[in-house]
Amino acid sequence: MASLPDSPVDEELGYDLIDGAQPVSILRPVGGLDDLCKQTKFTRQEIRVMYRGFKQDCPEGVVHENAFKDIYAKFFPHGNSTQYAHYVFKAFDINCNGAISFKDLLTTLSTLLRGSIYEKLRWAFKLYDLNGDGCITRSELEKIVFSVHELMGKKCQGVGDRKTRNHVDTVFRKLDLNQDGVITLEEFIESCLKDELIIKSIQVFDWRL
């Protein structure tokens with residue numbers, strides 16, 4: 001008989017189902033894998049592969065912000081990824097509880113890797129809308145731009161640095177279509193759809209196992 005689930009992820013998905021064994025009545029929910037297939041754009045096999053990797057790297061069943069930042073730091077060793085990783089973590093943390101579950105991770109990756117252009121742009125808007133009030137201010141955009149500069153190891157004096165400020169001014173004017181000082185979701189999507197470079201970069205991300 002299969003063992004009982006040993007983490008929140010096992011309990012949520014049904015460990016035996018993920019590994020291809022017969023379901024055990026005590027595991028809940030027995031349809032976890034099927035539900036994830038319906039809620040995302042991944043196949044059963046793709047979810048199994050990702051789950052095994054997630055379970056190995058995150059035996060607690062969740063990713064906390066410090067661990068998430070450590071992962072980012074490994075990919076960007078020549079820059080300071082701390083602030084940008086914080087913003088991305090918040091965007092992945094769907095339930096806003098300070099931890100990313102396997103379902104959170106899968107849902108977001110489904111959007112970024114298999115979603116429509118509109119879905120990807122909505123996620124990007126969520127990333128830039130730091131306080132979640134439904135619009136992007138110049139200050140929020142400046143913080144994001146500065147965090148990206150730090151991530152890439154570019155030298156700048158910080159938020160308010162002249163070069164950063166000039167870059168932000170150019171981008172903000174382009175996105176703020178009615179020039180009212182804030183960027184709405186509609187303005188963000190409309191502006192991005194007119195930019196061929198943005199569309200091409202979005203279309204590149206279509207990942208298959």
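Mentor: Ser 81 is buried, with a relative accessible area of 4%. Please keep in mind that this is a predicted model.

Trainee: Why is Ser 81 counted as buried?

Mentor: A residue is called buried when its relative accessible area is under 20%. Ser 81 has a value of 4%, and it is therefore buried.

Trainee: Where is the place of Ser 81?

Mentor: Ser 81 lies in the loop between helix 5 (65-75) and helix 6 (82-92).

Trainee: Which residues does Ser 81 touch, not counting residues up to four places away in sequence?

Mentor: With those sequence neighbours set aside, Ser 81 touches Lys 69, Tyr 72, Ala 73, Phe 76 and Leu 151. Ser 81 and Gly 153 are 72 residues apart in sequence, while their C-alpha atoms are 8.8 Å apart in space.

Trainee: How are two packed helices described?

Mentor: Two packed helices are described by the angle between their axes and by the distance between the axes. In this structure, helix 3 (residues 32-39) and helix 4 (residues 44-57) pack at an angle of about 110°, and their axes are 10 Å apart. That makes helix 3 roughly perpendicular to helix 4, and their crossing is right-handed.

Trainee: Which residues of helix 3 and helix 4 meet?

Mentor: From helix 3, Leu 33, Asp 34, Leu 36 and Cys 37 meet Arg 44, Ile 47 and Arg 48 of helix 4. By class, this contact of helix 3 with helix 4 has four nonpolar, no polar and three charged residues.

Trainee: At what angle do helix 9 and helix 10 pack?

Mentor: Helix 9 (residues 138-151) and helix 10 (residues 162-175) pack at about 125°, with their axes 9 Å apart. Angles of 65 to 115 degrees count as roughly perpendicular; helix 9 and helix 10 are therefore oblique to each other. The crossing of helix 9 and helix 10 is right-handed.

Trainee: Which residues make the contact of helix 9 with helix 10?

Mentor: Helix 9 contributes Arg 138, Leu 141, Glu 142, Val 145, Phe 146 and His 149, and helix 10 contributes Thr 164, Arg 165, His 167, Val 168, Asp 169, Val 171 and Phe 172. The residues of this contact divide into six nonpolar, three polar and four charged.

Trainee: How many helices and strands does the protein have?

Mentor: The secondary structure comes to 12 helices and four strands. Of the 209 residues in the protein, 39% are buried. The protein exposes about 12100 Å², of which carbon and sulfur atoms supply 55%.

Key:
Residues numbered from 1 in each chain as written. Predicted model: local features only at pLDDT ≥ 70, side-chain atom pairs only at ≥ 80, totals over all residues. Heavy atoms only, no water. Axes fitted to C-alpha atoms, helices over the stretch in contact; angles between N-to-C directions. Helix = DSSP H or I, 4+ residues; strand = E, 2+ residues; numbered from the N terminus. Parallel < 35°, antiparallel > 145°, perpendicular 65-115°, else oblique. Left-handed = near helix turned anticlockwise from the far one by under 90°. Contact = heavy atoms within 4.5 Å. Nonpolar A, V, L, I, M, F, W, Y, C, P; charged D, E, K, R; others polar. Buried < 20%, exposed > 50% of the residue type's maximum accessible area, 1.4 Å probe, protein only. Areas by Shrake-Rupley, 256 points an atom, 1.4 Å probe, with all protein chains shown as cover.
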